[in-house]
Amino acid sequence: MKILIVDDENISRNILLAKMTDMGTCVAVDNAKEALTEIDKAKAENQPFDLITLDVSMPGMSGMELLKHIRKKEGEDKIPKKDRVKIIMITARMNLGTINACIKLGCNGYLTKPISKVQLIQSLSQMGFDTGTEEKTGEERMSHSEGVAEVIKRFYSGKIILPVFPNIVKEVEELLAGKDPSVEDLSKIVEKDLVISSKLITIANSSLYKGLDDVTSLNGALVRLGLKHTLGVCSALATKNLFDSENKVLKTEMDKLWIHSFAVATLARRLAEEIGLDNLETIFLMGLVHDIGKMLLMKVFVDMYPDVSILDEDLQRAIHEIHTTFGGVLLKKMHFSKQIIKIAEFHHWDRFEENTDKELLVLSLANSLARELGFLFFSEKDTPGLEEGDLALETNNELELDHDQVIKDLSRLSSLQVLELDPEKVFSIIEQTHPMIKETVRAF
Ligand SMILES: [Fe+2]
Ligand SMILES: [Fe+2]
């Protein structure tokens, strides 16, 4: 593989060079002009580059302009799409607008600085490059990121069984989107899934929905839950199943991630209601699956390396670094909608523009709030890249929030600013939703 690295910053150019030298022949330059010379030279020698990494912001011609130029030239030369050079954009800031513009211009992927080897391997594997397949045996010393890289390679070579999301959720969704859905129609769909239908009865009898008497039939449960709530509850039951494991340590981690996902889903639905969106149950589902990449990465890692502790900080960091792009690819393979895939991919980006999808803004905000809520704590608040930490569901019964600090934190969030939400309003939503989440999450 022939690689061209274009970056004006010495340090990041060298980092990329070091990480890619064993993947192919690398040429590194610090500006667009030299890059064009190298591209022409390679073409004249009939050995064009397979991959180019472009720093988005460079003095003179920027990475984005260079991308546009390369694609235009390829168009003029009538190079078929599949033979065009693969281009990865490198950006220092998680600015969604910039990346969206680059995607439109025809980049194949993007990476955010600081770039790690796992990120790089995830991105290259996604594009179909072979990044080397030396599998190490358990005897050899293996770094955690190498382990995660192996998981990635196995995934892209189709050797990993994908999680199955029960069809029932889609069927219920379609029914509700249609004309005059009835409880009878709903019942016909739900009764096909014995586990979900029996759980629906239990949940209808939980304190959240409980009426005067216990319901004992599926029909009774559906009537009590109502059509819309049934969809949410079905989604949650279906998702909860994915977060299961026979490994005890992993099971605890999966529970934490599930509670986090449930909290994000509930908060997102509430926020969406506040700003007047109408696809509330889809937004709820988005929250449930937003971290699905993390779920599968952890599971497969434990399967492949049962002797390595999943709690290791370096390992968690490596998983965190790629869980978004990986989650997006996973949801695509599971045939989820484009809108849901986007949520998995971009929920950690932190600079949003006016025209960003409301759904993404709401989910990103809910993810930030879930941390404030104490459903998640950074085990060490300042460790970069760590999201899921100690779970305080048992001990943290009373929500103790430092009002002024939370308002200050909230005001800084780009998602909240673009949604034009009042931080005080959001604070009160946190306070109302917290006990509700704690109460409901146990029912599943
Ligand atoms: Fe996440
Ligand atoms: Fe999350």
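Which residues of the largest nonpolar core touch the most other members? They are Met89, Ala268 and Ala366, in a core of 118 residues. This is a predicted model, in which local features need pLDDT of at least 70, side-chain atom pairs count only at pLDDT 80 or more, and totals for chains, interfaces and linings use all residues. Residues are numbered from 1 along each chain as its sequence is written, while chains are lettered from A and ligands numbered from 1 in the order in which they are written.

**Confidence**

- The mean pLDDT (the predictor's confidence in each residue, from 0 to 100) is 87, and 91% of the residues reach 70 or more.
- Residues 376-396 have a pLDDT below 50, and in the model this stretch has 32 contacts beyond near neighbours in sequence.
- Two residues are in contact if their C-beta atoms, placed from the backbone, lie within 7 Å.

**Domains and core**

- The protein is divided into domain 1 (2-115) and domain 2 (167-441), with bounds that come from an automatic or database domain assignment.
- Between the centres of the two domains, taken over C-alpha atoms, there are 36 Å.
- Five residues of domain 1 are in contact with seven residues of domain 2.
- A nonpolar core is a set of buried Ala, Val, Leu, Ile, Met, Phe, Trp, Tyr and Cys residues joined through C-beta atoms within 7 Å.
- In the core of 118 residues, helix α11 (residues 248-274) supplies the largest share, 13 residues.
- This core lies between domain 1 and domain 2 because both give residues to it.
- In soluble globular proteins, nonpolar side chains tend to be buried together.

**Helix α4**

- Helices (H or I, at least four residues) and strands (E, at least two) are DSSP runs, numbered from the N terminus.
- Leu96, Ile99 and Cys102 are buried in helix α4 (residues 96-105).
- These residues lie on the same side of α4, because they cover an arc of only 125° around the axis; the arc is that of the directions from the helix axis to the C-beta atoms.
- The buried residues of α4 pack against α3 (63-76), β4 (86-91), β5 (109-112) and α15 (338-346).

**Cysteine 102 and methionine 89**

- Cysteine 102 counts as buried because it has 23 C-beta neighbours inside 10 Å; the cut-offs are 20 or more for buried, 12 or fewer for exposed, and partly exposed in between, with C-beta atoms placed from the backbone.
- Leaving out residues up to four places away in sequence, cysteine 102 touches Met64, Leu67, Met89, Cys107 and Tyr110.
- Beyond its neighbours within four places in sequence, methionine 89 has contacts that include Leu54, Val56, Ile99 and Cys102.
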